[in-house]
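Here is a short note for a colleague who is meeting this structure for the first time. Please keep the display open while reading.

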Amino acid sequence: MTVSRENSKLLYQGIKDAGIRFITALPETWLVYLLQMAESDPEMCLVEVAREEEAVGIAAGAYFAGAPNLLPAARHGIGLLHWPGAGAQPAP
Amino acid sequence: MGLASSIGLGLALNLPHEKVVVLDGDGSVLMNLGTLTTLARYRPRNMVHVIFDNGSLLSTGGFASHTTSGITDLGAIARGAGVPHVASVSTLYDFIEAAANAFECDDLSLIHARVEAVGPDHYGMDLKLPENAFRFARCIKNKE
């Protein structure tokens with residue numbers, strides 16, 4: 001699935017259908033259309049962060065508040081959200 | 001680590017009728033400085049962020065933090081980030097006044113409290129960790 005307005009529209013509709021009204025994310029290329037849709041949707045609360053780790057905390061707060069929420073992360077963002085050493089296995 | 005204020009922001013935006021108070025430390029804020037800019041941008045009107053700045057990473061060995069001897073001024077950073085109400089205090093009396101103002105104010109407020117680097121003999125918790133994972137969630141749920 002490539003990044004396009006049409007594909008992002010499909011994803012965004014799925015997000016809405018799932019009852020999600022709170023999104024926190026670091027704005028970046030793969031999320032452009034998705035975040036534009038969230039920003040222009042009066043039903044959606046979007047919090048854009050300075051660094052992905054922040055989004056983990058904000059999403060946790062939303063969870064504690066009982067709000068279904070989403071933290072989309074693209075490529076290196078996914079890596080940053082995990083312990084940096086987790087994937088560093090010694091060579092066989 | 002360092003995400004107390006971020007968790008507070010997520011809570012405050014989703015529980016607009018509750019007052020969310022975050023009790024933070026200088027070491028915690030220093031490892032997530034971007035949070036001050038995010039707080040300023042989204043400006044939750046129901047949140048008070050208190051930073052107890054003892055200039056020390058006391059619970060992890062007493063190492064000096066970047067705020068030691070006033071090298072870095074977290075209150076000034078918060079103001080520069082755009083947090084609308086920032087009080088810098090160093091006496092109990094001023095703290096009480098700042099806390100009263102922050103609670104009365106219907107806006108995002110931050111109190112930067114310089115405190116002494118003193119604490120208990122050890123930082124072990126007296127509750128089991130699995131229980132710790134659920135206690136906070138249960139407390140919030142019971143408030144609703």
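Predicted model: local features only at pLDDT ≥ 70, side-chain atom pairs only at ≥ 80, totals over all residues.

The points below take chain B as a whole and then one of its helices.

1. Chain B holds six helices and six strands. Read from the N terminus, the order is α-β-α-α-β-β-β-α-β-α-β-α.

2. The overall dimensions come next. The C-alpha trace of chain B spans about 40 × 40 × 30 Å along its principal axes. A compact globule of 144 residues would have a radius of gyration near 15 Å, and chain B agrees, with 15 Å.

3. Of the 144 residues in chain B, 39% are buried. The accessible surface is about 8,200 Å². Carbon and sulfur atoms account for 58% of that surface.

4. Among contacts in chain B with a separation of 6 or more, 72% join residues 24 or more positions apart.

5. Now look at helix α5 of chain B, residues 92-104. It has 13 residues. From first C-alpha to last it reaches 18 Å, close to the 18 Å expected at 1.5 Å a residue.

6. Which residues of α5(B) are buried? They are B:A98, B:A99 and B:A102. Seen down the helix axis, these buried residues fall within an arc of 100°, so they line one face of α5(B). An α-helix has 3.6 residues a turn, so residues three or four places apart point the same way.

7. What covers that buried face? The cover includes strands β2 (47-53), β5 (85-89) and β6 (109-114) of chain B. On the other side of α5(B), B:Y93, B:I96 and B:E104 are exposed.

Terms used. Residues numbered from 1 in each chain as written. Chains lettered and ligands numbered in written order. Heavy atoms only, no water. Helix = DSSP H or I, 4+ residues; strand = E, 2+ residues; numbered from the N terminus. Expected span 1.5 Å × (residues − 1). Buried < 20%, exposed > 50% of the residue type's maximum accessible area, 1.4 Å probe, protein only. Arc of directions from axis to C-beta. Contact = heavy atoms within 4.5 Å. Rg over C-alpha atoms; globule rule 2.2 N^0.38 Å. Areas by Shrake-Rupley, 256 points an atom, 1.4 Å probe, with all protein chains shown as cover.
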